[in-house]
Amino acid sequence: MTPIIALLTDYGLEGPYVGALKGAILSINPQATIVDLTHLVAPGDVLHGAFLLASASAPFPVGTLYVAVVDPGVGTSRRPIALQTERGIFVGPDNGLFSHVLGGARRGRAMRKGTAPRLHPLQQGQRAVHLQEPRFWRQPVSRTFHGRDIFAPVAAHLSLGVPLDALGSGTDEVLAFSLPRAVVAKGGGIRGEVISADRFGNLITCIREEDLPTGAVRVEIAGNSIAGLSRSYAEGGGLLAIIGGGGLLEVALMNGSAAEALGAGVGTEVRVAWGRRGQRAGDH
Amino acid sequence: MTPIIALLTDYGLEGPYVGALKGAILSINPQATIVDLTHLVAPGDVLHGAFLLASASAPFPVGTLYVAVVDPGVGTSRRPIALQTERGIFVGPDNGLFSHVLGGARRGRAMRKGTAPRLHPLQQGQRAVHLQEPRFWRQPVSRTFHGRDIFAPVAAHLSLGVPLDALGSGTDEVLAFSLPRAVVAKGGGIRGEVISADRFGNLITCIREEDLPTGAVRVEIAGNSIAGLSRSYAEGGGLLAIIGGGGLLEVALMNGSAAEALGAGVGTEVRVAWGRRGQRAGDH
Amino acid sequence: MTPIIALLTDYGLEGPYVGALKGAILSINPQATIVDLTHLVAPGDVLHGAFLLASASAPFPVGTLYVAVVDPGVGTSRRPIALQTERGIFVGPDNGLFSHVLGGARRGRAMRKGTAPRLHPLQQGQRAVHLQEPRFWRQPVSRTFHGRDIFAPVAAHLSLGVPLDALGSGTDEVLAFSLPRAVVAKGGGIRGEVISADRFGNLITCIREEDLPTGAVRVEIAGNSIAGLSRSYAEGGGLLAIIGGGGLLEVALMNGSAAEALGAGVGTEVRVAWGRRGQRAGDH
């Protein structure tokens, strides 16, 4: 059976680019099973694309192939790569887009806007190649559309059984962002930040369930204090905190948008304190 | 051959949720044929989701599996169910989302905003189970993402041949909304309401073709009177009434948006009168 | 193996129409491989739909089937057709939507808004039929949804091996727009116009790479002058001109939207001059 090829881009859905990407795959492997993750990454937002790629790809079967293209540097000297992890093979630009799927990259501090990705050594079980074999590309290669001309064809060839090593020369490091993570806050508790806001206005933070104590907590964001964690979006009433589907702390508003109500978004600071003033909202 | 799995949600397309849903299916049945109906149901709008589910699913082959998730009560005690009808099996929350595909539910009066769904007995040829067998779910089950953790895995198992009865205990009733339908108007004729507005600004009403007399009619909406039914969007000029692709009366504006021009939308009242003042627009 | 069926419409993604279209195909050929090109053509914008269809379909394998529906005249006497070219078979309304894939149609002058398509003789290797055999349609045929009722079923039957000729009577001419193309400008150089603006705000023009001289050029648009062609979106800084993925001259803004910055869009005039004042931006 031919592996699944899953796609994530910032191409948008109103233009011809996503269709062309699929055509480029199907012209090499007409039997390919193509799945869209999302094509609505904000234009050029590599860091958020990296988060979405990890979130959306997590449930896929091991061995899935990914074409991920958020690539403001297309046509420059940034490297095209294919990165193999325990989960599958990721094909795209070496610009930090694979930061979250690398796993070990999760050791940074709060991100500052515009922070550049840095070279990151691969971990055990990971391999990467610098794509350098034009015979696996669509010809001629354009200056602006390497998704169609390089990344999609490479994934299609991988789906047909071409080995990773045939695609270029191995590399031990790829670029990765220093990702935001929970840190100990002055005065106790931890602090982190919002790393994504979803369609519902839920604010997803970098604080993981395992970062929290088992006892009662109090979540502080944008001048609001939320007592305890809720067991669902529909309980607790008003603003609430909950562990979301990715195991990360979320702030949500029942029947509304927390992002809008709080004027909060990516980068907003979140603090978690613990102690007697924190109660689970569900315990009221 | 493995059955088709069709998806309808309010997850939006900019986040990781739709991709994750597909991954959860493909990790169980990598051969599944997955089709998107829509993922742009307005957040939490169960009633409109119910209409879209029925409209989009109607042409699918008998035996299709559906995962439908508009689920503001995720994580509460609302039941996860699988509902088998003559058309296929629908998997999702028991919150009224299957009102339109139940068929017999179509016996209400005009909906009032906020009307709650009520228990509705299944009809002949319909069966439902309360999903209670965690061995067919993705583990661990999150508090917020039952689409990925319960509904998608259950549909994937169904696609592999797991029988409905293995998924939980049978139930004779599911929740359904009392759906808007045409009623006799005071002073003659009928009245109903707009139940959906599409991308073109066409206003789809709850009035069915078979509710109309065979003679000439006059359609009244938002202070406007439309004489007769048109045979196409491009004839009749200006505001027109037409029987749409779902067999429902629509109000449209040639080369424009009726919704915008009339300031009308879901819930707007529509009346149909008949008699000598009504003429088919195409007869002019 | 069953051929790919690729879809392009102006149906939008929030309604039931795209799902229903797919259901209509799958109810005839449950094994069909369906691929979305785009469903976000602006409502009724046949000319732009024609451009997107050609751009998105170009990389697909020969023999692909296309269902293309931007059809403001649905239900009128406009003909439903199936058009075979060297690339595949295109099914949809005969209203100019196939202008770009016809190839030979590219001989017009600058388009004026509202210009109607005209009959265009087919070229060698092209065939077309006027769809007239209701036995290959979904019954009953609605007045408003020929995508679901005629075009999708016809494509599904083609995918099962029904020959083109069985679908209706042959025709030697189809409607095509006179497409914008580069022309010699008064005072030297060439002029053309913007024919599409993409999600990134890049302005794609009708000027082809082969219309340009090999030497240095200067691109003028909306009062701005751009010296030379860039080799990537990320070099040259600010406003830049580049040959895009379709071989057409584009105007882009590094890290921004050229469309917004210039107040430009479809129809904006673009001039290219050559001579000593033109330098490649990358040569600075």
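Biologist: Is Asp149(C) buried or exposed?

Modeller: Asp149(C) counts as buried, at 0% relative accessibility, where buried means under 20% relative accessible area, exposed means over 50%, and partly exposed lies in between, with a 1.4 Å probe and protein chains only. This is a predicted model, in which local features need pLDDT of at least 70 and side-chain atom pairs count only at pLDDT 80 or more, whereas totals for chains, interfaces and linings use all residues. Residues are numbered from 1 along each chain as its sequence is written, chains are lettered from A and ligands numbered from 1 in the order in which they are written, and side-chain values use heavy atoms, with hydrogens and water left out.

Biologist: With which residue does Asp149(C) form a salt bridge?

Modeller: Side chains of opposite charge can pair when their charged atoms come close. Here the partner of Asp149(C) is Arg148(C), with the closest N and O atoms 2.7 Å apart; a salt bridge is a side-chain nitrogen of Lys or Arg within 4 Å of a carboxyl oxygen of Asp or Glu. Arg148(C) is buried as well, with a relative accessible area of 9%. In chain A, salt bridges that share partners join Arg138(A), Arg148(A) and Asp149(A) into one network.

Biologist: How many salt bridges does the structure hold over all chains, and which of them have partly exposed partners?

Modeller: Over all chains there are 38 salt bridges. One of them pairs Glu269(B) with Arg271(B), the closest N and O atoms being 3.0 Å apart; Glu269(B) is partly exposed at 37%, and Arg271(B) is partly exposed at 29%. Another joins Glu235(B) to Arg231(B), with 3.9 Å between the closest N and O atoms, and here Glu235(B) is partly exposed at 21% while Arg231(B) is partly exposed at 37%.

Biologist: Why do the copies meet through different surfaces?

Modeller: They do so because only 6% of the interface residues of chain B are also interface residues in chain A, where contact means heavy atoms within 4.5 Å.

Biologist: How many cavities of 30 Å³ or more does a search of the whole structure find?

Modeller: The search finds two; a cavity is a set of points, on a 1 Å grid over the protein atoms alone, where a 1.4 Å probe fits but cannot get out, and lining residues have an atom within 4 Å of a point. About 360 Å³ of space lies in the largest cavity, the volume being the space filled by probe spheres set on the points, which are joined across faces, edges and corners. Its lining has 22 residues, and those closest to the centre include Leu13(A) and Asp36(A).

Definitions and conventions:
1 Å grid on protein atoms, 1.4 Å probe; cavity = no way out; pocket = protein on both sides within 12 Å on 5 of 7 lines; lining within 4 Å.
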